[in-house]
Amino acid sequence: MRFQKIPIPHFCLILLLSHFCFGTSYAQQRPTQTVRGVVVDKHTQKPIPGATVIISNLNPVKADVTDPMGRYRIENVPVGRIDVECAFLGYHSIVHNNMILNSGRELIINFDLKEKSQVLDEFVVSAYSRKDRPVNRMAVISTRSFTLEETGRYAGSYGDPARMAANYAGVMTGSDTRNDIIIRGNSSIGIMWRLNGIEISNPSHYAALGTTGGPITLLNTNLLASSDFLSGAFPASFGNALAGVFDLNMRNGNNEKHEHWLQAGWNGLEVGTEGPFTKNYGGSYLLAYRYSILDILNTIGIDMGIDPKYQDLNFKVHLPYNKGKFDIIGLGGKSAIKIFDTHKSPDAWLFENAGENLENSAAAGVVAISNMHIINNYSRFHSSVAVSGSEVATRIDTFSIAEPEPFTKAGEKSSEKRYTLSTSWLYKLSEKSDFETGVIYDIYDYNYNDSTYSKTNYILNTNAQGIMALLRTYGQVRYHLRKNLTAVGGINYQSLSLNKVSALEPRLALRWDINPKHSLSAGFGLHSQMQPRMIYFVKTPLTDGSHMQTNRNLGFSKSRHYIIGHDYLITNDWRLKTEAYFQQLYNIPVKESLGAYAVINAGVEYFIAREDSLTNDGKGQNYGIEITLEKFFSNNYFLMLTASVFNSVFQGADNIMRSTAFNSNFLINSVAGYEHKIGPHKNSALIFGARFTYNGGRPYVPFNSEATVRNGYEVLDWDNAYKEKHPSYIRASLRLGMRRNKPRYSSELTIDLQYRTHYTNIYDQRIDIHTGKVYTYQEVRLYPISTWRLNF
């Protein structure tokens with residue numbers, strides 16, 4: 001027996017109303033919680049005893065002084081939003097404003113204090129605590145830091161770092177159903193993901209090899225600490241990336257108290273726990289497991305119309321010792337889905353007289369051990385060993401009324417394993433400068449197999465197994481040229497063992513702090529990236545029946561980044577940022593027999609096309625200007641408005657300059673939120689949020705209907721590639737929610753309501769190979785998603 005469907009919008013509103021009614025009935029006792037952490041020197045990571053930590057927005061204020069191990073502890077702090085300041089003689093002060101303190105979890109705030117330099121003016125001291133500065137001290141341009149709270153603060157982000165970043169200037173998503181992001185007109189395949197300094201593969205469920213996104217993230221944002229998002233001219237420590245970098249950090253677990261949480265929402269049903277191993281040691285564990293909630297609902301009889309199965313595990317083990325620490329981190333998940341038209345009535349088939357069965361499964365994960373060792377007051381080592389891997393299996397069967405028996409049209413079963421060894425050395429040269437150098441060595445164990453049916457036989461696109469290695473090494477220096485002028489310069493070198501190609505990449509960035517409110521910045525970087533790895537092994541059939549890997553000797557794709565920027569800190573809470581950029585891409589793989597094709601457009605689909613006979617003769621340009629007006633969270637609200645105007649073009653083998661697949665030309669985003677304090681002690685809150693997105697339509701390659709019917713498989717009209725655009729896209733999101741605190745636990749419920757207008761992004765376009773008719777699929781207009789969380 002199946003349960004009756006509950007309309008999702010009604011169900012979400014019932015949840016919110018129930019949470020509100022139940023949440024306003026608690027007793028008059030005001031909940032309190034503990035705020036604690038460790039204060040260390042930013043460069044040496046040694047504890048700083050005697051530092052003062054103050055919660056400044058309480059009356060009277062609460063404070064503590066760090067002990068010989070740099071620890072502080074402030075107990076019985078009323079829950080709500082608090083301002084925490086840390087100060088010590090000879091160091092720059094840091095202030096964390098509007099931190100959320102819940103009754104169900106201790107708030108652990110660690111401070112990395114930067115030593116003052118005698119050559120710096122006083123106004124630079126205040127600049128150090130600015131909220132617009134990144135975590136990575138080597139990043140001085142096109143970098144944005146974000147916190148754990150921000151990943152869940154923005155309406156429509158679903159707690160996904162990539163979807164959150166789509167609110168930033170120059171960034172947009174490739175599709176509402178996926179979290180691939182396009183940065184400044186670049187393909188999403190040019191993005192690097194790092195976790196605690198370790199490069200990881202695509203952290204998404206249902207991900208295809210070679211892509212950097214998917215429908216659902218593997219990352220559990222409840223485990224993240226402050227992190228950086230870089231969109232151009234990256235420091236020399238980042239190699240093998242053209243478009244952007246997510247430099248994520250996983251926080252440590254609570255090392256004094258066992259704490260837990262439960263969460264249910266669109267991302268799944270989740271349980272998490274953290275705590276100490278033993279008393280007075282300082283080590284901790286942190287773990288979260290999640291399972292598809294749609295699969296659970298389908299299992300118990302609530303028909304959701306689709307049954308995605310996925311699960312993932314994130315964890316961190318923190319093991320400190322006298323002169324450093326060991327960290328063990330892990331991230332992994334697997335997913336599977338079946339979408340069978342044979343289970344549907346003919347009027348629900350993909351095409352009018354034909355259908356398709358899709359079966360997909362994927363898995364990805366990484367386990368790493370890292371060590372940070374303090375050598376002396378001037379230097380320290382970071383080293384790590386990691387094992388990561390991903391695999392995908394896909395099968396597509398087709399059938400029609402005339403031929404009802406499903407026939408396998410395409411299939412893939414591919415996998416990659418990566419073994420990574422990395423080490424870096426940081427050395428403080430003087431009060432004005434510090435130096436960093438490092439080596440990263442990746443060994444890839446690959447197994448690629450995929451084929452498609454064409455006319456009368458199967459074409460084996462890839463069938464390769466083997467090992468190759470990528471070596472990267474870098475050196476970079478940060479130097480205060482004068483009291484308010486900072487320069488960061490470096491060189492990155494990388495080499496691929498498969499075909500012995502290499503690249504030497506200079507990087508340089510400057511920031512001039514004109515006064516406490518204004519700063520100018522400029523950056524240049526040469527960046528290189530290997531091709532999506534399976535591309536090297538695409539097979540070209542020869543006349544004698546054998547095959548040849550004609551892409552094997554492809555060089556790196558390359559891009560020169562030029563950026564200038566201006567930051568205006570209008571007040572402590574308002575910021576206006578402007579950046580202009582020019583990116584010159586070259587060495588892009590193109591195909592002589594397909595003049596409008598270029599790898600620069602890969603990533604627009606779920607699958608990376610397997611084209612053979614490529615050469616590094618393509619080039620392209622991305623240029624534009626971005627403006628961000630931001631109000632950081634204060635006085636119970638935040639606001640961010642971004643606008644981007646840009647052009648993204650490329651030249652294929654036919655030497656014709658045309659738009660890339662990502663050239664929407666303009667992008668406008670606005671996101672805002674407000675919290676209304678409620679309850680007898682104003683320690684709970686109603687949450688309101690909104691987001692609005694408007695961007696130009698993206699160019700595309702149309703189908704050649706006549707050739708498709710004649711050949712019996714999809715044929716694109718490359719003669720008219722990227723001349724036409726999809727309609728412009730508008731999306732509005734509304735967030736409603738409530739955060740409440742009781743003496744022994746806290747909870748939060750949020751509901752995101754997305755509305756996509758009739759100008760919505762095209763979800764997919766397909767062509768019926770029997771009739772040549774093109775079908776356009778668009779996403780649902782009203783899309784409500786709720787998330788409930790309990791901390792205890």
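Begin by selecting β2, β3, β5 and β6: these four strands form an open sheet in the order β3-β2-β5-β6, with antiparallel pairing. Strands here are DSSP runs (E, at least two residues), numbered from the N terminus, and two strands pair if DSSP finds at least two bridges between them. The edge positions belong to β3 (62-65) and β6 (94-101); each has a single partner strand, so one side of each is left without a neighbour in the sheet. From one strand to the next, the twist averages 20°, where axes are lines fitted to C-alpha atoms and angles run from 0 to 180 degrees between N-to-C directions.

The model is predicted: local features need pLDDT of at least 70 and side-chain atom pairs count only at pLDDT 80 or more, whereas totals for chains, interfaces and linings use all residues. Residues are numbered from 1 along each chain as its sequence is written, and side-chain values use heavy atoms, with hydrogens and water left out.

Within this sheet, select β5 (residues 80-87) together with β6; six bridges pair them in the antiparallel sense. Gly80 has Leu101 of β6 as its bridge partner. Next, move to the loop between β2 (52-55) and β3, where Pro60 is found. The peptide bond joining Asn59 and Pro60 is cis, with omega about 0°.

Now select β9, β12, β13, β16 and β17. These five strands form an open sheet of mixed pairing, in the order β9-β16-β17-β12-β13. Its edges are β9 and β13, each with a single partner strand, so one side of each is left without a neighbour in the sheet. On average, neighbouring strands of this sheet are turned by 25° against each other, direction ignored. The strands β9 and β16 run antiparallel and are joined by four bridges; Ser145 has Asp228 in β16 as its bridge partner.

From β16, follow the chain into the loop between β16 (227-230) and β17 (244-248), which holds Ala233. Phi of this residue, Ala233, is positive, near 45°, although the residue is not glycine. Ala233 counts as buried, at 7% relative accessibility; buried means under 20% relative accessible area, exposed over 50%, and partly exposed in between (1.4 Å probe, protein chains only).

Another positive phi, near 65°, is found at Asn655, also a residue other than glycine. Select Asn655 in the loop between β37 and β38 (657-659). Asn655 is exposed, with a relative accessible area of 55%.

A cavity is a set of points on a 1 Å grid over the protein atoms alone where a 1.4 Å probe fits but cannot get out, and lining residues have an atom within 4 Å of a point. Grid points are joined across faces, edges and corners, and a volume is the space filled by probe spheres set on the points. There are eight cavities of 30 Å³ or more.

The largest cavity has a volume of about 610 Å³. To find it, select Ile189, Ile191, Gly210, Thr212 and Gln529, the closest to its centre of the 41 lining residues. Elements that each supply at least two lining residues include β12 (191-195), β13 (198-200) and β34 (574-591).

The second largest cavity holds about 210 Å³ of space. Of its 19 lining residues, Arg144, Tyr168, Ala169, Lys577 and Thr628 lie nearest its centre. Two or more residues of this lining come from each of β9 (143-146), β34, β36 (614-634) and β37 (637-651).

Methods. On a 1 Å grid over the protein atoms alone, a cavity is a set of points where a 1.4 Å probe fits but cannot get out, and a pocket is an open set with protein on both sides within 12 Å along at least five of seven lines; lining residues have an atom within 4 Å of a point.
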